[in-house]
Every structure is written in C-alpha cells, then in structure tokens.
Amino acid sequence: MKISILGAGLVGTPMALDLSKDRNFEILVADKNKEPLKRLSALNIQTRVADISSEKSLNDIISDTDIVLSAVPGFMGFKTLKHILEKGKHVVDIAFFPEDLFELDPLARDKNVTAISDIGVAPGMSNILAMHASRQLDRTDSIRIYVGGLPKKRNWPWEYKAVFSPIDVIEEYTRPARFVENGKMVTREALSDPELIDFEKVGTLEAFNSDGLRSLIKTIDCPDMIEKTLRYPGHIDKIRVLKESGFFEEKEMMIHGQKIKPIDFTTGILFPKWKLREGEHDLTIMKIIVKGKKDGKACTYEYELYDEYDPASKTHSMARTTGYTASMAVRMIARGLYKRKGISAPEYVGEQEECVKFMLEGLKERGIRYHEKIIA
C-alpha cells in the first residue's frame with residue numbers, strides 16, 4: 001500500500017520513520033525544503049522536493065497513492081485536504097486548519113473516501129477519549145481538556161518552544177475561543193479565564209482559553225465543555241503585551257518607507273527563538289476530565305498523559321504524541337478497522353471500542369501511555 005506524506009517537518013519526519021517500519025507500506029515523503037528530506041533519504045525512504053501548495057505538484061505526489069497523510073501548515077490545510085478529496089484519496093490530516101472541516105463532508109462522501117481530520121494529540125486523542133468516556137456514561141454533564149507542549153528546560157524570556165508551525169501557535173493566541181456553557185456555544189477572547197493547575201511531574205502551570213474544542217462542539221451532547229492550553233506561569237501576560245501592542249496585526253504599516261505587516265516582523269523575531277532544535281528536550285502534558293451520570297450515580301472518567309522527548313530515537317514529545325496518533329490512524333484505515341466514509345472528526349473514532357483499543361495499544365507500544373481513572 002502506498003502512503004504519501006505531505007510535509008517533512010518535526011512531526012512529518014517521525015511519522016515517516018514510524019510508517020516505514022511497516023513492510024506493507026511504500027512511503028513517499030514530499031516537502032519543498034531539501035534539508036529535512038536528507039535524513040529520510042539516507043534511510044532509504046523515498047522523498048521528493050516539491051511545492052505542495054502547487055496543485056500540479058500535489059497531483060504528481062498523490063496520483064498513485066492509497067492513503068495521504070497531510071502535515072502541512074494550518075493556513076494551507078483546508079485547500080490541500082479539499083484537493084486530496086477531489087482526487088478520491090483516503091486521507092489522514094493533522095493540518096489543524098481554522099475552517100469548518102465538515103464543509104468537505106459532502107465531497108468526501110461523493111468520492112466514497114475515508115478522511116480523518118484533526119487527528120493529533122489535541123485535537124485528536126483528546127476528542128477520541130472524550131467521546132469514548134461520554135459513551136460510557138448515561139449522561140455527560142461536563143468535559144474539561146487541559147493540554148500543552150512545553151520545553152523541559154525553562155529558558156527566559158519565553159520558556160516556550162514550538163514543535164509545529166509557529167504561525168499556528170500564534171493562531172491560538174489570536175483566534176477567539178469557542179466553548180459550551182449551559183448548553184450554548186460561547187465565544188471569548190483567547191488567553192482569557194486564566195487558572196493555575198498543579199501537575200505532579202511538572203509543578204504549577206497556567207491554563208487559558210483557546211479554540212481547541214473544534215468539532216466537539218457539534219458532535220458531543222454535553223452542556224459544559226471547554227479546552228484550555230497549558231503554559232508555564234507568566235506566559236499569558238507576555239503574549240498579551242504583544243497582542244495589545246499590535247504585534248499580531250495583519251494591516252500593513254509604513255516604516256522608513258517600507259510597508260510591513262507587524263505580524264511578519266513579530267514572527268521573524270520570535271520564530272528563531274521558539275524553534276525546538278534537535279536534542280532539546282520537551283514534554284507533552286494533557287488531562288481530560290469527563291463528568292456525568294452512570295446508573296443514576298455521579299461518575300467521572302479521567303485520562304492523563306505525560307510524555308517526554310525520546311533520546312533513543314531523538315524524537316520530540318509533541319512530534320511523538322501528535323505524529324504517532326496520525327500514523328496509527330493510517331494503519332487503522334489500511335487494515336480496514338475504520339471504514340466510515342466522509343469526513344471524520346477524531347471523536348468518531350472514539351465511538352468504536354475496537355478503534356480506541358487499537359489506537360491506545362499502538363501508542364503504548366511506542367512509549368506513549370494514557371492513564372485512565374474512573375471515579376464513581
């Protein structure tokens with residue numbers, strides 16, 4: 001079976017390495033940058049230097065592919081996914097684009113293909129486990145999701161590093177956060193409603209509203225749902241200073257006779273400082289709390305994840321937890337375990353017990369362990 005991977009960044013590369021271990025797969029990895037492809041080529045993985053934003057290049061890459069794994073930046077994710085579907089290809093997508101993924105459901109159904117979108121760690125496993133827990137309850141009253149990817153070593157001033165596209169990180173700080181309160185969708189400013197939470201292996205972290213529920217708002221019947229991003233304490237205030245001072249603005253301004261977007265200047269300064277470099281250790285932490293009623297009694301399902309950089313494979317934690325979730329989803333489709341046609345949000349996977357088990361066991365084999373606790 002032929003698998004095409006679009007993107008060879010810090011997440012795309014580990015996915016390619018993981019899938020290349022499966023003898024049933026023939027892997028092709030495409031990226032416009034030659035540098036990340038060199039490591040893969042040295043390991044006899046087929047690579048291609050290509051501009052994925054070009055429809056012609058994309059057509060050439062996926063023409064004889066069975067399953068496409070899209071790891072492009074969020075700003076080009078929707079367009080890329082649409083084109084993949086138009087070509088009638090099964091797809092697993094971690095682009096995390098801002099558009100409504102269900103807009104593409106009629107197209108995917110018409111082409112009779114399976115497309116799982118948002119299938120990383122969060123969104124992704126957070127959705128799968130939230131739905132899985134909700135289905136164990138007779139009634140779901142509340143869902144809380146806390147998640148963050150952080151450098152293990154706190155270096156001033158930012159105490160933060162990004163393993164995926166940094167522009168997608170800034171989206172978390174600027175895109176309004178949608179959540180459910182008293183049965184209605186509510187929108188608040190990103191970075192709002194801060195709270196401090198203690199975690200055993202990390203200490204105190206601060207949580208803030210971000211637009212992470214995404215499809216869960218539509219797919220789970222629960223009157224109280226929210227997702228918050230985790231950072232080291234003090235991060236919110238630093239980002240607010242930039243945001244309120246106009247550093248994230250898209251409107252051009254004139255400086256010394258040159259037109260420049262403040263966001264372009266900001267990203268030019270921040271991205272080199274936020275880049276998670278090879279050998280730098282990071283961690284991923286997530287907690288999911290699903291409360292409700294079961295057999296007439298209060299019942300809570302909790303899932304916890306703590307993962308660190310893997311020195312053996314030199315793979316960052318956020319790349320492992322995001323990328324291996326997607327690579328397991330590819331295997332799930334390839335083996336015929338998940339057959340739903342159309343656009344699937346990750347929580348649809350959570351509706352099938354055998355799929356949840358497959359994902360959790362596959363991740364555990366790769367050193368990523370989700371711990372379940374049931375409080376009755």
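## Helix H2 and Glu35

Glu35 belongs to helix H2, which covers residues 35-42. In this predicted model, Glu35 has a relative accessibility of 56% and is classed as exposed, because the cut-off for that class is over 50%. The C-alpha atom of Glu35 lies 9.2 Å from that of Ala8, a residue 27 positions away in sequence.

## Salt bridges

The structure contains 27 salt bridges. One of them joins Asp100 to Lys218, with 2.6 Å between the closest N and O atoms. This pair connects distant parts of the chain, 118 residues apart. Asp100 sits in the loop between strand E5 (90-93) and helix H5 (105-110), and Lys218 in helix H8 (residues 216-219). Asp100 is partly exposed, its relative accessible area being 28%, whereas Lys218 is exposed at 57%.

A further salt bridge links Lys287 and Glu304, whose closest N and O atoms are 3.4 Å apart. Lys287 lies in strand E15 (residues 282-294) and Glu304 in strand E16 (residues 297-308), so this bridge ties together parts of the chain separated by 17 residues in sequence. Glu304 is partly exposed, with 34% relative accessibility.

Glu365 and Arg366 also form a salt bridge through their side chains, with an N to O distance of 3.6 Å. Both residues belong to a network of salt bridges that also includes Asp18, Asp22 and Arg331. Glu365 is exposed, at 66% relative accessibility.

## The second largest pocket

The second largest pocket has a volume of about 350 Å³. Its lining comprises 17 residues, and those nearest the centre are Lys201, Glu304, Leu305, Tyr306 and His371.

Three elements each contribute two or more residues to the lining: strand E10 (195-199), E15 and E16. The largest share, 5 residues, is supplied by E16. By residue class, the lining consists of 7 nonpolar, 2 polar and 8 charged residues.

## A nonpolar surface patch

Phe247 is located in the loop between helix H9 (235-244) and strand E13 (253-255). The relative accessible area of Phe247 is 31%, which places this residue in the partly exposed class.

## Separations in sequence and space

Glu171 is part of helix H7 (residues 166-174) and is partly exposed, with a relative accessible area of 29%. Although Glu171 and Pro98 are 73 residues apart along the chain, their C-alpha atoms are separated by 8.8 Å.

Gly148 is situated in strand E7 (residues 139-151). Gly148 is buried, with a relative accessible area of 4%, because the buried class takes in values under 20%. Between the C-alpha atoms of Gly148 and Thr267 the distance is 21 Å, and the two residues are 119 positions apart in sequence.

## Backbone geometry

Ala122 and Pro123 are joined by a cis peptide bond, with omega at about 0 degrees. Pro123 occurs in the loop between strand E6 (114-116) and helix H6 (125-136). A cis peptide bond also runs from Trp156 to Pro157, where omega is near 10 degrees. Pro157 lies in the loop between E7 and H7.

Asp118, a residue other than glycine, has a positive phi near 60 degrees. Asp118 is placed in the loop between E6 and H6, the loop that also holds Pro123. Asp118 is buried, with a relative accessible area of 0%. Lys314, likewise not a glycine, has a positive phi of about 55 degrees. Lys314 is found in the loop between E16 and helix H11 (317-334) and is partly exposed, at 49% relative accessible area.

Note on methods
Residues are numbered from 1 along each chain as its sequence is written. This is a predicted model: local features need pLDDT of at least 70, side-chain atom pairs count only at pLDDT 80 or more; totals for chains, interfaces and linings use all residues. Side-chain values use heavy atoms; hydrogens and water are left out. A salt bridge is a side-chain nitrogen of Lys or Arg within 4 Å of a carboxyl oxygen of Asp or Glu. Helices (H or I, at least four residues) and strands (E, at least two) are DSSP runs, numbered from the N terminus. Buried means under 20% relative accessible area, exposed over 50%, partly exposed in between (1.4 Å probe, protein chains only). On a 1 Å grid over the protein atoms alone, a cavity is a set of points where a 1.4 Å probe fits but cannot get out, and a pocket is an open set with protein on both sides within 12 Å along at least five of seven lines; lining residues have an atom within 4 Å of a point. Grid points are joined across faces, edges and corners, and a volume is the space filled by probe spheres set on the points. Ala, Val, Leu, Ile, Met, Phe, Trp, Tyr, Cys and Pro count as nonpolar, Asp, Glu, Lys and Arg as charged, and the others, Gly among them, as polar.
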